[in-house]
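Keep the structure open as you read.

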Amino acid sequence: MSSGSFFLYLFAVVGLLLVIFVEIETIAFDKSLGHLTIKRHKPLIAKTKLIKHLLQDISGVEIQEMSSSESNTYRVCLVLNSGKRRVPLTSSFSTGLGSKHKTAEVIATFLNIRNYGLDGFPTDNSNELKWDTIEEEITHWKTAIKSDPNDADARMKLGLALMVQDATNNKEQAMGYLKEAEALFKAQGYDEEAMQAAQLYGVAYWGMMGKRGSDYQD
């Protein structure tokens, strides 16, 4: 095989891989139904992921930034339930801050919500749930799961609390909740949270969880 033929072959392989993994994203805000629908479709492998949320749960829009030595890239992200969850409109970051600002402003105007831009949704820990003991926290998350079996966040936090209480005796139970949390996050389209749950699962598996006693009152 000549060098010219090799590079042509290599280019063809790379081009095929790009086609395989290309993703078409369609975003629809439907006020009549009160739903946001994000459709992510990979045509060559016929894989489609649908993400749906109620418009009433969207409390703001912000722009996320990823910095590197070469350039800064951005993506528009919706803020749900007053900062408890974020939903990126695109799975990847890209250049062009001006267009992201324009998109965020159009969405904010259409939904009559706050546009936080690059500053992001403000962090407020004043309403953060707190418990006197780890047992109280475990009871809280178990009750939350009974009320909503699809509450992935409650499963992840319960798994974490169980590990803090007793990393040895609660290991299997905690890993089970973390695995369930990862699956639920993936099914609901929260890829970043799913990755976090998977990382915590690894921490639990290797028994690297530390104590958090300072978080509770004596």
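Start with Glu 182, which is buried at a relative accessible area of 11%. The model is a predicted one. Glu 182 forms a salt bridge with Lys 179, and the closest N and O atoms lie 3.7 Å apart. That contact falls within the 4 Å cut-off for a salt bridge. Both residues sit in helix α5 (residues 171-187), three residues apart, so about one helical turn separates them. Lys 179 itself is partly exposed, with a relative accessible area of 45%.

Now look the other way along the sequence. Glu 182 also meets Lys 186 in a salt bridge, at 3.3 Å from N to O. These two are four residues apart in helix α5, again a separation of about one helical turn. Lys 186 is partly exposed, at 46% relative accessibility. Through shared partners, the salt bridges join Lys 179, Glu 182 and Lys 186 into one network.

Next, leave the helix. Glu 62 forms a salt bridge with Arg 86, with 2.7 Å between the closest N and O atoms. Glu 62 is buried, at 5% relative accessible area. Arg 86 has 26% relative accessibility, so it counts as partly exposed, because buried requires a value under 20%.

Finally, take the whole count. The structure holds five salt bridges, among them Glu 62 with Arg 86, Lys 179 with Glu 182, and Glu 182 with Lys 186.

Terms used. Residues numbered from 1 in each chain as written. Predicted model: local features only at pLDDT ≥ 70, side-chain atom pairs only at ≥ 80, totals over all residues. Heavy atoms only, no water. Salt bridge = Lys/Arg side-chain N within 4 Å of Asp/Glu carboxyl O. Buried < 20%, exposed > 50% of the residue type's maximum accessible area, 1.4 Å probe, protein only.
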